[in-house]
Amino acid sequence: MRKIKTKPTPEIVEDVHHPLERYFRKERLPHIWCPGCGLGTAMSCLAYALEELSLGVDDVSIVSGIGCTGRLAGYMRSDSYHTTHGRAIPFATGLRIAMEMHKPDHKVIVFSGDGDLFAIGGNHFIHAARRNVDLAVICVNNFNYGMTGGQVGPTTPLGAFGTTAPYGSFENPFNLVYLAASSGAPYVARWTTLHTRRLKQAMMEAIMKPGFTFVEIISPCPVNYGRRNKMPTGLVEMRYYQSKSVIRNFADPKDAEIKPEGEIIVGTFIDEDKPDYFDIYRHFVEQMNQEK
Amino acid sequence: MVTGQIAKRWKTSLGWITIVDSLCKGCGFCIEFCPLNALEESQEFNQHGYHFPEMVNPEACVNCEYCQLVCPDFAIWSEIEEEHPD
Amino acid sequence: MRRSTLIDPAILAGEHFLNGDVACAEGAIAAGCRFFAGYPITPQSEIAERMAYRLPRIGAHFLQMEDELASMAAVLGAVWGGVKAMTATSGPGFSLMMENIGLGIMTETPCVVVNIQRGGPSTGLPTATSQGDMMQARWGTHGNHEIIAYAPSSPQEMFDLTVKAFNTAERYRLPVLIMADEIVGHMMERVLIDPDKIEVFARRKPTVPYEEYVPYKPGKDLVPEMASAGEGYRVHVTGLTHNELGYPDMTVEAQDRLINRLTQKIRKNIDKIVEFEEEGVDEAEVILVTYGINARTSWRAMELAREKGIKVGMLRLITVWPFPSKPIIKLATKVKGFVVPEINLGQMVLEVERVVAGKTVVRLVPHAGGGIHRPEDVLAVIEEVVG
């Protein structure tokens with residue numbers, strides 16, 4: 001134990017501003033997320049990523065679906081679109097294509113949760129990945145439907161408890177990394193909210209890389225998931241990540257499956273160069289122009 | 001985040017760490033995962049009843065910004081003092 | 001996909017022999033539509049196919065999505081990306097689009113949704129006509145809302161009313177429906193396209209800088225000015241009940257203010273929105289209330305009745321929603337009755353009955369779908385009403 005020494009007295013300062021404040025709709029903060037929830041961490045990493053990319057609030061649009069993560073778009077200063085449950089990606093596809101017509105370097109980021117993107121929105125996810133539409137899709141995976149009170153979702157580990165699985169979830173969950181990779185995404189990464197710096201780096205890469213880029217963020221949900229699964233606080237869940245996560249860049253996406261009490265492999269799994277939707281489309285339009 | 005919070009600021013070797021007590025929700029992330037154990041949980045409460053962090057070891061802090069990134073409530077951040085070219 | 005060299009003129013000027021679906025696509029393009037997202041479904045596919053052919057040639061974008069949910073979402077996204085956009089479908093797809101049409105209403109996103117109706121319910125009669133989605137058009141999406149829907153009776157109107165739908169959508173900022181049917185969609189007729197007569201209503205952009213811009217502050221006709229993505233207005237758009245700043249505000253007051261404004265912006269402007277045609281109604285003793293394809297079959301019935309000396313007039317609804325009640329109220333006390341032929345078992349007739357409120361007889365001429373009325377069947381009901 002360190003010897004107790006006199007604590008340094010802080011300076012009291014007035015009118016302080018968070019360094020990333022310009023990215024936040026500060027008039028809407030503090031946000032609604034629970035103590036220990038990782039969404040605030042994901043949001044600060046996003047803001048930090050945008051700042052390091054020197055992307056201003058007007059260079060980016062954020063699209064989100066319904067759920068706790070869905071509220072994130074509303075807390076960011078950029079043009080933000082809080083769409084219907086599961087439909088963030090098709091909305092963003094339309095938005096991104098329209099922007100390509102008059103502001104092609106405008107970034108469109110989809111920020112949503114595991115239920116929104118992979119249960120009701122799953123069909124849209126795999127098709128957008130197949131098309132390699134130029135979107136950065138960031139999924140905050142907290143293993144349950146938090147907003148609606150802790151129901152199990154498509155990523156809830158086998159045997160984990162939720163309000164709709166009081167005896168333990170008896171379904172095999174998705175391996176989101178494997179799903180994204182097999183659908184054709186040229187960039188797939190997974191980090192937890194513990195790995196803030198690498199998460200921010202992954203977001204930067206995903207935002208800048210053309211095509212359908214995917215980042216999974218494993219994030220604590222103490223009040224609804226953790227509480228029912230022996231992780232009563234965000235801190236306990238973060239410690240779990242600390243003990244279970246293993247950084248293995250370019251591991252086989254198949255191995256990224258999260259088994260109960262098993263390893264959580266994090267890192268960049270896929271980072272390929274591949275013509276994106278607009279490259280292919282432009283080629284066909286040029287061909288059409290020649291034929292006339 | 002009311003504009004212009006009242007906050008506490010500690011001088012570190014490279015700059016400052018600022019903590020806005022009232023925004024903290026006591027998740028403990030910054031305290032637990034600060035790589036240099038510069039933060040500890042305060043004995044006092046904020047108006048919501050949460051123990052906010054306080055800087056106990058500013059000399060150890062290297063402004064690595066981990067606390068700023070991990071804080072879900074944007075209640076703590078780091079600033080680097082710009083060298084003034086004389 | 002920079003704007004490619006424009007191979008085609010946007011407006012297909014001149015006199016053409018087109019089927020209704022193609023005419024609809026051409027009307028959209030003439031009105032400035034530069035994005036189409038849709039999903040194959042009979043009897044609408046010709047619209048999508050025409051768009052797939054034409055849009056790339058005018059620097060615009062066609063997108064076939066994985067389903068109708070995605071199609072409607074993509075249309076909304078494209079509109080917030082600053083372009084005019086539409087989708088087209090039929091009954092089954094129309095059902096899938098309901099939630100996002102609601103999102104379009106709640107976020108005041110101007111766009112056009114075309115429903116080429118087919119036999120229903122369910123898979124029904126994919127290649128055959130019906131008018132069975134009229135009430136779904138009005139109340140299909142959940143929650144309190146207004147809707148605007150046009151009912152074309154010919155390929156020419158498929159062109160003209162699609163242009164009008166886009167203009168109305170931009171003027172009042174909501175999804176506007178075209179409620180056509182398989183026959184109007186598939187029949188081929190002459191379509192005259194005169195570019196000088198095509199009025200295009202541009203999107204109402206903000207007239208104030210960012211600092212003063214309040215995204216959902218009611219402007220002219222209770223309609224807010226619209227800022228799209230990347231224009232520096234930093235708008236938050238949400239399907240949640242929101243205040244004038246666009247921020248979620250789930251209070252009774254915010255709901256009251258928002259939902260009443262969204263409703264009043266249509267009701268207050270109802271006389272500017274509603275359109276109908278009257279033929280020989282002044283001296284008529286019986287009025288045929290028709291819309292869409294049933295106006296064509298009923299015209300023949302009217303001729304047959306007149307040959308028999310029966311004084312018959314026709315009120316053709318061009319906007320089916322909002323329902324044109326004024327002309328009916330005016331005639332209700334003067335005629336022996338209204339005859340309402342519909343290719344369903346009674347939907348718009350319910351509105352006629354509501355508005356007539358017992359002042360005179362209202363008789364439906366039903367048809368379960370898959371075909372159109374035989375003029376004789378309509379005539380028989382006219383004769384019963386005349387007595």
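## A nonpolar surface patch on chain B

B:L14, B:L36, B:V62 and B:I80 together make up a nonpolar patch on the surface, with about 310 Å² of accessible area between them; patches consist of residues with over 30% relative accessible area and no salt bridge, like charges being joined within 9 Å and nonpolar side chains (Val, Leu, Ile, Met, Phe, Trp, Tyr) within 5 Å, and the areas come from the Shrake-Rupley method with a 1.4 Å probe, where for residues only the protein chains shown count as cover. One of these residues, B:I80, lies in strand β5 (residues 76-80) of chain B, and B:I80 is partly exposed, with a relative accessible area of 39%. Here buried means under 20% relative accessible area, exposed over 50%, and partly exposed in between (1.4 Å probe, protein chains only), while helices (H or I, at least four residues) and strands (E, at least two) are DSSP runs numbered from the N terminus.

## Basis of the model

This is a predicted model, in which local features need pLDDT of at least 70 and side-chain atom pairs count only at pLDDT 80 or more, whereas totals for chains, interfaces and linings use all residues. Residues are numbered from 1 along each chain as its sequence is written, chains are lettered from A and ligands numbered from 1 in the order in which they are written, and side-chain values use heavy atoms, with hydrogens and water left out.

Six of the six residues of strand β8 (residues 187-192) of chain A are buried, so β8(A) is largely enclosed by the rest of the structure. In a regular strand the side chains alternate between the two faces of the sheet. Both faces of β8(A) are covered, with A:Y187, A:A189 and A:W191 buried on one side and A:V188, A:R190 and A:T192 buried on the other.

Strand β8(A) runs parallel to strand β9 (residues 213-218) of chain A, to which six bridges join it, two strands being paired if DSSP finds at least two bridges between them; within this pairing, A:T192 stands opposite A:I218. Between β8(A) and β9(A) the chain passes through helix α7 (residues 196-208) of chain A in a right-handed β-α-β crossover, meaning that, with the strands pointing away from the viewer, the path from the first strand over the helix to the second runs clockwise. Strand β8(A) also pairs with strand β11 (residues 264-271) of chain A, in the antiparallel sense and over four bridges, and A:V188 stands opposite A:I270 in β11(A).

## Salt bridges

Over all chains, a search of the whole structure finds 49 salt bridges, each defined as a side-chain nitrogen of Lys or Arg within 4 Å of a carboxyl oxygen of Asp or Glu. In chain B, the side chains of B:K8 and B:D21 meet in a salt bridge at 2.7 Å, N to O. B:K8 lies in strand β1 (residues 5-11) of chain B and B:D21 in the loop between β2 (15-19) and α1 (29-33) of chain B, so the pair ties together parts that are 13 residues apart in sequence. B:K8 is buried at a relative accessible area of 15%, and B:D21 counts as buried at 16%.

In chain C, C:E26 forms a salt bridge with C:R54, the closest N and O atoms being 2.8 Å apart. C:E26 is buried, with a relative accessible area of 0%, and C:R54 is buried as well, with 2%.
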